[in-house]
Amino acid sequence: MKFLIVFVALFAVALAAPADEQTILRLDSDVGIDNYKYALETSDGTTKEEQGELKNPGTEQEAISAKGSFSFVADDGQTYQVNYIADENGFQPQGAHLPVAPQA
């Protein structure tokens, strides 16, 4: 149940955007008891895809692990894409436009 509440909250945030600027062209979702996936495409060029699963259910280490990507057209006309993993190690984004920390 906790998993479903968190997923619904994250999904609502993902869809929150000014309605007068975009139209949803595609929305696919599949929500299971311990996993989910969704894909979204809007008329302004935004795309989002994510899949996640519940790790270690019923234990102290219970957590949601997700991976996905999103892209958008910025004010400068460029399309930016971010691929990410979000798990027990935190949110780990990667994108050509994002700075990378130097190797230690």
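This is a predicted model: local features need pLDDT of at least 70, side-chain atom pairs count only at pLDDT 80 or more; totals for chains, interfaces and linings use all residues.
# Strands and a buried serine

User: How do E2 and E3 run, and how many bridges join them?
Analyst: They run antiparallel, and seven bridges join E2 to E3. Strand E3 covers residues 47-55.

User: What about the turn there? How many residues sit between the strands in the hairpin of E2 and E3?
Analyst: Four residues lie between the strands of that hairpin. Gly45 takes a positive phi there, near 95°.

User: Which residues in E2 are the bridge partners of Asp28 and Leu27?
Analyst: Asp28 has Ala39 as its bridge partner in E2. For Leu27, the bridge partner in E2 is Leu40.

User: So where does Ala39 stand in all this?
Analyst: Ala39 is the bridge partner of Asp28. Ala39 also has Glu49 of E3 as a bridge partner.

User: Change of topic. Where is Ser69 found?
Analyst: Ser69 is in strand E4, which covers residues 63-73.

User: Is Ser69 buried or exposed?
Analyst: Ser69 has a relative accessible area of 17%. The cut-off for buried is under 20%, so Ser69 counts as buried.

User: What is Ser69 in contact with, leaving aside its neighbours within four places in sequence?
Analyst: Ser69 is in contact with Thr47, Lys48 and Glu49, and also with Gln81, Val82, Asn83 and Tyr84. Glu49 is the residue that bridges to Ala39.

User: Zoom out. How many helices and strands does the chain have?
Analyst: One helix and six strands. From the N terminus on, the order is α-β-β-β-β-β-β.

User: How much of the chain is buried?
Analyst: Buried residues make up 21% of the 104 residues.

User: And the accessible surface of the chain, what does that come to?
Analyst: About 7500 Å², with 54% belonging to carbon and sulfur atoms.

User: Last one. Among contacts between residues at least 6 apart in sequence, how many join residues at least 24 apart?
Analyst: In this chain, 20% of those contacts do.

Terms used
Residues are numbered from 1 along each chain as its sequence is written. Side-chain values use heavy atoms; hydrogens and water are left out. Two strands pair if DSSP finds at least two bridges between them. Helices (H or I, at least four residues) and strands (E, at least two) are DSSP runs, numbered from the N terminus. Buried means under 20% relative accessible area, exposed over 50%, partly exposed in between (1.4 Å probe, protein chains only). Contact means heavy atoms within 4.5 Å. Accessible areas come from the Shrake-Rupley method with a 1.4 Å probe; for residues, only the protein chains shown count as cover.
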